[in-house]
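Sequence and structure come first.

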Amino acid sequence: PPVVAARHSQETGVLRVFTRSFIDDSSRLDLGKPTQDVDGAVLINLGSPVSSRTDTAALAALAASRPVLIGEPDAADHIREAAVELGAYRTAVARAEASKADWVAVRELRERSAMAGQALDSLLDDLYAGAGTCWSSIDPEGRVRLIDPDGPTSISAVLSDICDARFPDTPLLRNEMLSRRVLTSQGAKARRNLLEAMISHIGEPRCGIEGYPPERAMYEALLGATGIHRERDGHLTFGDPGEADRYKYRSAWAALNAFLDSTAGEAATVEDLYTHLMAPPVGLKEGPIPVLLVAALIARADDVALYETGSFVPRLDVPTMERLIRNPDLFALRSFNLRGPRQELAERLATALGGTPHAPRGLRVPSVVAAMRPLVTRIRAVPKYALQTRSLDPTTRAVRDAILAATEPDTLLFETIPACFG
């Protein structure tokens, strides 16, 4: 069964679960692709010391994406012998039952198998309690680091110390419905209601949530108390947490924005963002990530473009948000920053179309997204006849068709539309 880093989980509100397995000299050091269901691994080594292994590349790959704890018990030989004995008895019982052997012999084998199981369990209980066990961890570079034998010896205490070191930027989330690995139906509904309120009522206190429904508690824990939703320049908006940062969200917010900034050259999927925020040092679970993402998309509406199956999404609405949560792999993100004449053109066009001519506070230049969002939105909102008719001059038809088929805002503004005019 898995083991929990109890103290760390209690302090952060994020349940940290580790798998337990046994290895020896013939074992492959491969834990597979990381998932949000498991935060790390506990490997009980019954072979030669891990520090003597020469495959440091495998050790580094093992620990690159998650914490790994190695336990090397003094009673390794006894554990191995007890496991072999239990396996032998279980095989004998299965064969005796299959061959319909004498019931007295079968009962004797069952009793001996049970006693062998109890003996093995006793050895493992001592191991996991830390008795006679040397614990070590593997850092992301593949180095084996011995854990202080005078420190905590129980496996849960040791794992909590490791999680403190590998997940130093985990924010505090005091909402059990939202911090779960898999949200309940009630939790999923509350999160959807919160996201809808964020999109529709950004300028209202508590995003317009009245009373004390479950989404109110989610709002207070993730947006209100953290300062992500607060008054800036006289308006309620989303943005970086307050300076006090009592709940440690500045690092998570910075990691999210650093990921968005990294998409300036090439778009990245929302699924990649999930993986980035769930990995050390932030280590979020999937539950709160959509809320933080929507807050960031609203805060950086003039700087970050959202794509669905390769097509530019000019406006984040509730149906789009619901599809994004269900299929993050179908959505991509890309940030835009301009310089020189292109910057001036984007600003003038955004002003003429009634968009936001200046980037949000904290961004130094306006973006092509601010210019193209109102243009694409207006074109897609015209009557169906206007979208299909050919009773327009060739230039007008070319511009209309280019906007409807656009997938990249910068290509549309600086290449495709100018080409329509020759």
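C207 is buried in this predicted model, with a relative accessible area of 0%. C420 is buried too, at 18%. That value counts as buried because the cut-off is under 20% relative accessible area. A search of the whole structure finds 0 disulfides.

Salt bridges are another matter. The structure holds 17 of them.

| Salt bridge | Closest N and O atoms |
|---|---|
| E11 with R7 | 3.1 Å |
| R80 with D77 | 3.0 Å |
| R145 with D139 | 3.0 Å |

Take E11 and R7. Both lie in helix α1, which spans residues 6–12. They are 4 residues apart, so about one helical turn separates them. E11 is partly exposed, at 42% relative accessibility. R7 is also partly exposed, at 32%.

R80 and D77 sit in helix α3, residues 76–98. Here the spacing is 3 residues, again about one helical turn. R80 has 34% relative accessibility and counts as partly exposed. D77 is partly exposed as well, with a relative accessible area of 48%.

D139, in contrast, is buried at 9% relative accessibility.

Technical notes. Residues numbered from 1 in each chain as written. Predicted model: local features only at pLDDT ≥ 70, side-chain atom pairs only at ≥ 80, totals over all residues. Heavy atoms only, no water. Disulfide = S-S within 2.5 Å. Buried < 20%, exposed > 50% of the residue type's maximum accessible area, 1.4 Å probe, protein only. Salt bridge = Lys/Arg side-chain N within 4 Å of Asp/Glu carboxyl O. Helix = DSSP H or I, 4+ residues; strand = E, 2+ residues; numbered from the N terminus.
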